[in-house]
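Here is a short briefing on one protein chain. Keep the sequence and the 3D view open as you read.

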Amino acid sequence: MTTAQRTALIATTLTCVLAPSGAARAADWKLDRAKAVAAKAWNDPCAGDVQVAVAPQAGADWLASTLPSQCRITLARELRWNPLCPVLLHEYGHLAGYTDPGNPLDPHHSSDPDSIMWPFVHADARCARHGIPYLKRAAGSRRKDGTPK
Ligand SMILES: [Zn+2]
């Protein structure tokens with residue numbers, strides 16, 4: 001596995017103990033909703049078949065990693081809605097093959113702190129009110145990073 005295949009969202013802080021290996025217990029409406037928001041944002045890169053698991057990460061400060069070839073996202077631990085939604089928005093960007101030619105040192109991430117593909121988790125308006133307004137919004141204009149508003 002190359003570094004390019006295994007991309008990670010780096011957390012600014014990691015305060016919780018890592019969850020045990022295995023399938024995500026977060027198989028609830030929040031996970032389904034966050035996956036729906038992320039799938040809409042990135043045109044459903046895995047045709048609705050994204051596997052999300054919880055397992056320790058290679059980097060102690062990573063919140064998640066993604067294997068695009070397997071449509072698989074691994075979270076370091078179970079997450080509340082925020083940051084779950086922005087983390088999945090970011091990881092789905094990797095599934096969709098996001099690249100930033102303007103960021104040659106880390107082309108799988110954006111150098112723009114406002115982009116969901118910036119490598120540090122931050123709030124995203126698409127996750128507001130549990131994603132309901134965003135999911136109801138019809139496809140239309142696009143953001144700087146190419147995802148629908
Ligand atoms: Zn990333």
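A residue counts as buried if 20 or more other C-beta atoms lie within 10 Å of its own, and as exposed if 12 or fewer do. Lys35 has 21 C-beta neighbours inside 10 Å, so Lys35 counts as buried. Keep in mind that this is a predicted model.

**The chain as a whole**

- The chain holds 3 helices and 5 strands.
- Along the sequence, these elements follow the pattern β-β-α-β-β-β-α-α.
- The chain has 149 residues, and 38% of them count as buried.
- Take the contacts between residues at least 6 apart in sequence: 66% of them join residues at least 24 apart.

**The nonpolar core**

- Nonpolar side chains tend to be buried together in soluble globular proteins.
- In this chain, the largest nonpolar core has 31 residues.
- Which members touch the most other members? They are Val37, Ala38, Leu75, Leu88, Leu89 and Tyr92.
- Five elements each supply at least two residues of this core: α1 (29–41), β3 (51–54), β4 (62–67), β5 (72–75) and α2 (81–95).
- Helix α2 gives the most to this core, with 7 residues.
- Ala38 is in contact with Leu88, Leu89 and Tyr92, leaving aside its neighbours within four places in sequence.

**Helix α1**

- Helix α1 has 13 residues, which should span 18 Å at 1.5 Å a residue.
- The end C-alpha atoms of α1 are 18 Å apart, which agrees.
- Which residues of α1 are buried? They are Leu31, Ala34, Lys35, Val37, Ala38, Ala39 and Ala41.
- These buried residues pack against β3, α2 and α3 (132–136).

**Lys35 up close**

- Lys35 sits in helix α1.
- Not counting residues up to four places away in sequence, Lys35 touches Val50 and Leu88.
- How far apart in space are Lys35 and Tyr92? Their C-alpha atoms are 8.4 Å apart, although 57 residues separate them in sequence.

**Helix α2**

- Helix α2 has 15 residues.
- From its first C-alpha to its last, α2 reaches 20 Å, close to the 21 Å expected at 1.5 Å a residue.
- Why is α2 described as largely enclosed by the rest of the structure? The reason is that 13 of its 15 residues are buried.
- Just after α2 comes Gly97, with a positive phi of about 85°.

**Where α1 meets α2**

- Two packed helices are described by the angle between their axes and the distance between the axes.
- The axes of α1 and α2 come within 8 Å and cross at roughly 35°.
- The crossing of α1 and α2 is right-handed.
- From α1, the contact uses Lys30, Ala34, Lys35, Val37, Ala38, Ala39 and Ala41.
- From α2, the contact uses Trp81, Leu84, Cys85, Leu88, Leu89 and Tyr92.
- How many residues of this contact are nonpolar, polar or charged? There are 11 nonpolar, no polar and 2 charged residues.

**Positive phi after α1**

- Most residues other than glycine have a negative phi.
- Asn43 follows α1 and has a positive phi, near 60°.
- Asp44 is not a glycine, yet its phi is positive, about 50°.
- Asp44 lies in the loop between α1 and β3.
- Asp44 has 17 C-beta neighbours inside 10 Å, so Asp44 counts as partly exposed.
- Ala47 is not a glycine either, and its phi is positive, about 50°.
- Ala47 is also in the loop between α1 and β3.
- Is Ala47 buried or exposed? Ala47 is exposed, because 8 other C-beta atoms lie within 10 Å.

**Strand β4 and Thr66**

- Thr66 lies in strand β4.
- Thr66 counts as buried because it has 25 C-beta neighbours inside 10 Å.
- Thr66 and Leu95 are 29 residues apart in sequence, and their C-alpha atoms are 7.2 Å apart in space.

Conventions
Residues numbered from 1 in each chain as written. Predicted model: local features only at pLDDT ≥ 70, side-chain atom pairs only at ≥ 80, totals over all residues. Core = buried A, V, L, I, M, F, W, Y, C linked by C-beta atoms within 7 Å. Helix = DSSP H or I, 4+ residues; strand = E, 2+ residues; numbered from the N terminus. Contact = placed C-beta atoms within 7 Å. Expected span 1.5 Å × (residues − 1). Axes fitted to C-alpha atoms, helices over the stretch in contact; angles between N-to-C directions. Left-handed = near helix turned anticlockwise from the far one by under 90°. Nonpolar A, V, L, I, M, F, W, Y, C, P; charged D, E, K, R; others polar.
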